[in-house]
Amino acid sequence: MKLAQKKLTKKKSRFSFTSFPNGWFCVGCSNELKPGEVKPLHYFGKDLVLFRTESGTPYVFDAYCPHVGAHLGYGGKVKGEGIQCPFHGWCFDSNGKCTDVPYSNKLPPTAQIGKWSVSELNGMIMLYYHSQKKPPTWEIPDLSKYIDNEGVPFRRIKQWKLCTHPQEVCEHSYDIGHINVHAQASHAKSEDVEFNGPIAVHRFSTQYRPPIPAAWIIGEQVNLLSEVRSYGLGFSFIIHSLNGKIKGRWLNIVLATPIDEEHSEIHLLFGMPKVFNKLLTRALEALLRKDLERGFELSLSLLRDKIHRSHVPFCDGDGSIAQFRQWSHQFYSEDPYK
């Protein structure tokens, strides 16, 4: 008796992109990886392993040992400046080359683990992804110069796993139309947009309404100039300059890393230079962080449920979305909309 064959159809993705974008993406926080610690990762649809050597340098390798395929992220151990497989004890150096097999004097010449380019700065561990495995041609900036010793260093406010794409998250900062319907800002106006290689810059002004009790200190409605600087599609930082009863600024970093074709991991960080004194700075930090988190979560809730349209009937109030999308094409190894 023949069994009826049920036709299986693959669910169509909400995102029309052909591949993951190339560039730098966050894979961990510096303070969450101690020397000698090993962690399994899953990004770009791949299993990876993150570890910090005894000297303190972080590395990311492909997850599976080239011997019989053990996952180095589960039971693997840091040995000096390399990592040891939990299954047969094979050791690999910081370049992924096999340097020791405990029960053999001869090393297999092809025993090599794939190594990824990693950079650690701004309190984050960044990985460079390229679909054709090309090396990085540009770097993420060090933002420590923006925070003085008495200010608030960059700290992660929150992390989300969301059904969205890094380009969608990055594009949000170039969509001036949505800012005008946001509860805490109005009269949004795009002042300037620049696209230079892998870097995009968007400066815009708004009338910002701080939450109570921050409004008692800053003012009920103040002029706010924001400058978004995006380095690729996975890393953006925003400088907010305040001109109210007091003058000051705060900064936030937005990071979006693809987990698979449908999901991304989002990080939101906050930092603030000193405003008058340490006490006032800490008070404003607490209030502005909470307001930033509330507004950002509203934006994410909109991204979570939307699809990506590759052909859009733009109007004159949409700002620089069309330019942004043209700029973003460079981060794909092929036409992203084929």
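Predicted model: local features only at pLDDT ≥ 70, side-chain atom pairs only at ≥ 80, totals over all residues.
**Whole chain**

Start with the protein chain in cartoon view. It holds five helices and 17 strands. Along the principal axes, the C-alpha atoms fill a box of roughly 75 × 60 × 40 Å. Of the 338 residues in the chain, 51% are buried. Take the contacts between residues at least 6 apart in sequence: 57% of these join residues at least 24 apart.

**Arg52**

Select residues 46-52, which make up strand β3, and pick out Arg52 within that strand. Is Arg52 buried or exposed? Its relative accessibility is 5%, and because the cut-off for buried is under 20%, Arg52 counts as buried.

The Arg52 side chain reaches the backbone oxygen of Leu33 at 2.6 Å. Now display the residues around Arg52, leaving aside neighbours within four places in sequence. The contacts of Arg52 include Ser30, Leu33, Lys34, Pro35, Gly36 and Glu37. Also among them are Thr57, Pro58, Val78, Glu120 and Ile125.

**Leu162**

Move to strand β11, residues 152-162, where Leu162 is found. Leu162 has a relative accessible area of 8% and is therefore buried. With neighbours within four places in sequence again set aside, Leu162 is in contact with Glu262, His263, Ser264, Ile266, Leu300 and Arg304.

Leu162 and Ser117 are 45 residues apart along the chain, and 25 Å separates their C-alpha atoms.

**Aromatic rings**

Next, show the side chains of Phe, Tyr and Trp. How many aromatic pairs are there? The count comes to 21. One of the pairs is formed by Tyr231 and Phe237, whose ring centres are 6.5 Å apart and whose planes are at 15 degrees, a stacked arrangement. Both Tyr231 and Phe237 are buried.

Then select Trp327 and Phe331. Their ring centres lie 5.0 Å apart with the planes at 75 degrees, so this pair is edge-to-face. Trp327 has 7% relative accessibility and so counts as buried. Phe331, at 3%, therefore also counts as buried.

Ring pairs link Trp327 and Phe331 into a cluster with Trp24, Tyr128, Trp138, Tyr174, Phe195 and Phe324.

**The second largest cavity**

Searching the whole structure gives three cavities of 30 Å³ or more. The stop here is the second largest cavity, which holds about 40 Å³ of space.

Which residues line the second largest cavity? Select Ile218, Leu242, Ile246, Gly248, Arg249, Trp250, Met272, Val275, Leu284 and Leu288. This lining divides into eight nonpolar residues, one polar and one charged.

Colour the lining by element to see where it comes from. At least two lining residues are supplied by each of β16 (247-258) and α4 (278-304). The largest share, three residues, comes from β16.

Technical notes. Residues numbered from 1 in each chain as written. Heavy atoms only, no water. Helix = DSSP H or I, 4+ residues; strand = E, 2+ residues; numbered from the N terminus. Buried < 20%, exposed > 50% of the residue type's maximum accessible area, 1.4 Å probe, protein only. Polar contact = N/O pair within 3.5 Å; in protein donor to acceptor, adjacent residues only side chain to side chain. Contact = heavy atoms within 4.5 Å. Phe/Tyr/Trp six-rings, centres within 6.5 Å; stacked < 30°, edge-to-face > 60°. 1 Å grid on protein atoms, 1.4 Å probe; cavity = no way out; pocket = protein on both sides within 12 Å on 5 of 7 lines; lining within 4 Å. Points joined across faces, edges and corners; volume = space filled by probe spheres on them. Nonpolar A, V, L, I, M, F, W, Y, C, P; charged D, E, K, R; others polar.
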